[in-house]
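Biologist: I have not looked at this one before. Can you walk me through it?

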Amino acid sequence: MPPPSALAIPVVWSQQCLRHEPGGEVWLGVREPGTELPERARVILAALRAAGADVVPAAAHGDEALMAVHDGDLIDHLRTIWAEWEAGGYVPEHGRDRVVPYVFPTAGLLAGLPMRSPAAAHGRAGRFCYDTMTLIGPGSWAAIRAAVDAALTAADLVAAGASAAYALCRPPGHHACPGAYGGSCYLNNAAVAAQALRRAGADRVAIIDIDAHHGNGTQAIFYGRPDVYYGSLHVDPGAGWFPHYAGYADERGSGAGAGANRNLPLAPGTDDAGWLAALDALCAEVARRGADALVVSLGLDAAVTDPESPLRVTSAGYRAAGERLGRLGPAVLIQEGGYDLDSLGGLTVAALTGVAAGTRAAGLG
Ligand code: SP5
Ligand code: ZN
């Protein structure tokens, strides 16, 4: 028996998630060291182990849920582009040791022409990647796919009756769209988990995204669907923040999905009080609409210590958020962003400790 103080939420993990080494990110034309590092997963795992959490290995899953949320040609591209890059000689001939695009087939470039599949790997890269910050190297695919398996394993645990399960996904996923990747994300782990819960029998799934950035990929995947609600609190893209083109309050879903999307953009500098008030509004909407299961995109980058966002949430704020989310229902928690290596472990433990308290208070487990 673990001590009663042990963190009672299983942590799903695969060592493969360490194999993605982006090797930096090209920001405004210059390659920088980047912040989405393997060390992020190491510090989170160490903190959760120290808090007494059980670590469960990610189990291999088939592609069914993945294929339901992403285009097959994006998945094929991610699976094969590194081998093609290597075979194409980009490393020895040009000194390019990662896949990074340079031409993007924007709506303006195509101007009505059909999408092509460029012959050159360096031309094709921009068909699927929408920024220059999301590089691919030799171990990337193994990690990308392992992160999906971790999300699916956590969804299995909740579908089988666990009150909560956390997947330590790396790379993160919420910026990955049906047919495009970016924002340090490749495949959308949270969307795959939500889809798996639907297949396991949940009629209505709610995704709440508390990463500091808007989850434009998750929004895009479910924008026209009424069965998966997406709600996000994030730094206001209109104030100049990534992803710049999505995350505005007037994006409410389309067609059958109208009303099932909610964005609460927050001013830079928002602290615990403002952030939790926004979260309360999202939680109230989910409770009002009803949901059979919850997926949480758990980014820790809203923290005051984080270098990638101007939000000012404390560790106590994350614990309080976890408690609110835990009260809402059985929850699959998916690791998203969070980049300050010194505080990241403690923030994750705080959030999950709150979730465990919330599920206990709600009598869920
Ligand atoms: C999952 C997640 O949190 N993705 C965040 C991606 C947003 N990255 C935006 C990066 C903007 C440029 N970073 C500035 C680096 C300056 N040295
Ligand atoms: Zn983020």
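Predicted model: local features only at pLDDT ≥ 70, side-chain atom pairs only at ≥ 80, totals over all residues.

Biologist: Which pocket does ligand 1 take up?

Modeller: Start with the ligand's surroundings. Its shell holds 15 residues, with Trp27, Glu32, Gly183, Asp301 and Tyr339 the closest. As for the space that ligand 1 takes, that is the largest pocket.

Biologist: Which residue has a side-chain N or O atom 2.8 Å from a nitrogen atom of ligand 1?

Modeller: Gly183 uses a backbone N or O atom, 3.1 Å from a ligand nitrogen. His213 uses its side chain, with an N or O atom 3.3 Å from a ligand oxygen. The side chain at 2.8 Å from a ligand nitrogen belongs to Glu32.

Biologist: How much of the accessible area of ligand 1 does the protein cover?

Modeller: On its own, ligand 1 has 500 Å² of accessible area. The protein covers 79% of that.

Biologist: What spacing do the donors of the zinc ion follow along the chain?

Modeller: The zinc ion is ligand 2, and its protein donors come from Asp211, His213 and Asp301. Along the chain, the spacing is D-x1-H-x87-D.

Biologist: Is Asp211 buried or exposed?

Modeller: Buried means under 20% relative accessible area. Asp211 has 1%, so Asp211 is buried.

Biologist: And His213, buried or exposed?

Modeller: The cut-off is again 20%. His213 has a relative accessible area of 8%, so His213 is buried.

How values were computed:
Residues numbered from 1 in each chain as written. Chains lettered and ligands numbered in written order. Heavy atoms only, no water. Near = heavy atom within 4 Å. Polar contact = N/O pair within 3.5 Å; in protein donor to acceptor, adjacent residues only side chain to side chain. Areas by Shrake-Rupley, 256 points an atom, 1.4 Å probe, with all protein chains shown as cover. 1 Å grid on protein atoms, 1.4 Å probe; cavity = no way out; pocket = protein on both sides within 12 Å on 5 of 7 lines; lining within 4 Å. Sits in = over half its atoms within 2 Å of the grid points. Donors = N, O, S within 2.8 Å, 3.2 Å for Na, K, Ca; no water. Buried < 20%, exposed > 50% of the residue type's maximum accessible area, 1.4 Å probe, protein only.
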